[in-house]
Amino acid sequence: MLRLLTVVLLLISFSCGYKSVNYSKKGGEVYCIKKIYFPRAEATALDVFTRAISDAVISSGNDLECSGRTTRFIEVRVKSLVIRPIGYSPAQRASIYKVSVDLKFTIENRKNEPLLQKDIKEMAQYTGTGLTGDVERRYAIEEIGRLVNVRIFSILTGK
């Protein structure tokens, strides 16, 4: 029994190996975020959506760079962003936020011709404690940003 266990452990340890990783890019596009339009001034949401779009482009295996190499330009028009408190803590502070966004995602070529236009509508809810001021509101916006990130990633990869 001990010999069998030893043989199995040796087989497992010898089957593990090292595989080098190649980080070179193959055939990815070079994207630039041209503009993100908002219906009203919302600095937190602008930051979250910019980060979400950037992460989606990079995660999809493409480059993000605004230069002479750029082949695709991204334009996002936020039609509406609704952030609503729907639940309150015993201290009467907002603890549950519902966020919904409706945006138009456009990819253009160098000649400003649209290559792809998609309407993205997402809704999220965030539940907090209601004791940390406006932090729950920001977390709710970040939650909707994660959903937008996944949606744009699936658009760029075609999956």
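The chain exposes about 10300 Å². Carbon and sulfur atoms supply 55% of that area. Keep in mind that this is a predicted model. Of the 159 residues in the chain, 33% are buried.

Now the layout. There are three helices and five strands. Along the sequence they run α-β-α-β-β-β-β-α. Take the contacts between residues at least 6 apart in sequence: 66% of them join residues at least 24 apart.

On to helix α2. This helix covers residues 43-59, 17 residues in total. From first C-alpha to last, α2 reaches 24 Å, close to the 24 Å expected at 1.5 Å a residue. Which residues of α2 are buried? They are Ala-45, Val-48, Phe-49, Ala-52, Ile-53, Ser-54, Ala-56 and Val-57. And what covers them? The cover includes four strands, β1 (30-37), β2 (63-64), β3 (72-88) and β4 (94-108). Helix α3 (135-157) is also part of that cover. After α2 comes Gly-61, with a positive phi near 90°.

Last stop, Asn-109. Look in the loop between β4 and β5 (114-127). Is Asn-109 buried or exposed? Buried, because its relative accessibility is 14%, and the cut-off for buried is under 20%. Its side chain has two partners to point out. One is the backbone nitrogen of Lys-111, reached at 3.0 Å. The other is the side chain of Glu-113, in a polar contact at 2.9 Å. Leave out residues up to four places away in sequence, and Asn-109 touches Thr-71, Arg-72, Phe-73 and Leu-115.

Definitions and conventions
Residues are numbered from 1 along each chain as its sequence is written. This is a predicted model: local features need pLDDT of at least 70, side-chain atom pairs count only at pLDDT 80 or more; totals for chains, interfaces and linings use all residues. Side-chain values use heavy atoms; hydrogens and water are left out. Helices (H or I, at least four residues) and strands (E, at least two) are DSSP runs, numbered from the N terminus. The expected span of a helix is 1.5 Å times one less than its number of residues. Buried means under 20% relative accessible area, exposed over 50%, partly exposed in between (1.4 Å probe, protein chains only). Contact means heavy atoms within 4.5 Å. Accessible areas come from the Shrake-Rupley method with a 1.4 Å probe; for residues, only the protein chains shown count as cover. A polar contact is a pair of N or O atoms within 3.5 Å; within protein, one must be able to donate a hydrogen and the other to accept it, and residues adjacent in sequence count only if both atoms are side-chain atoms.
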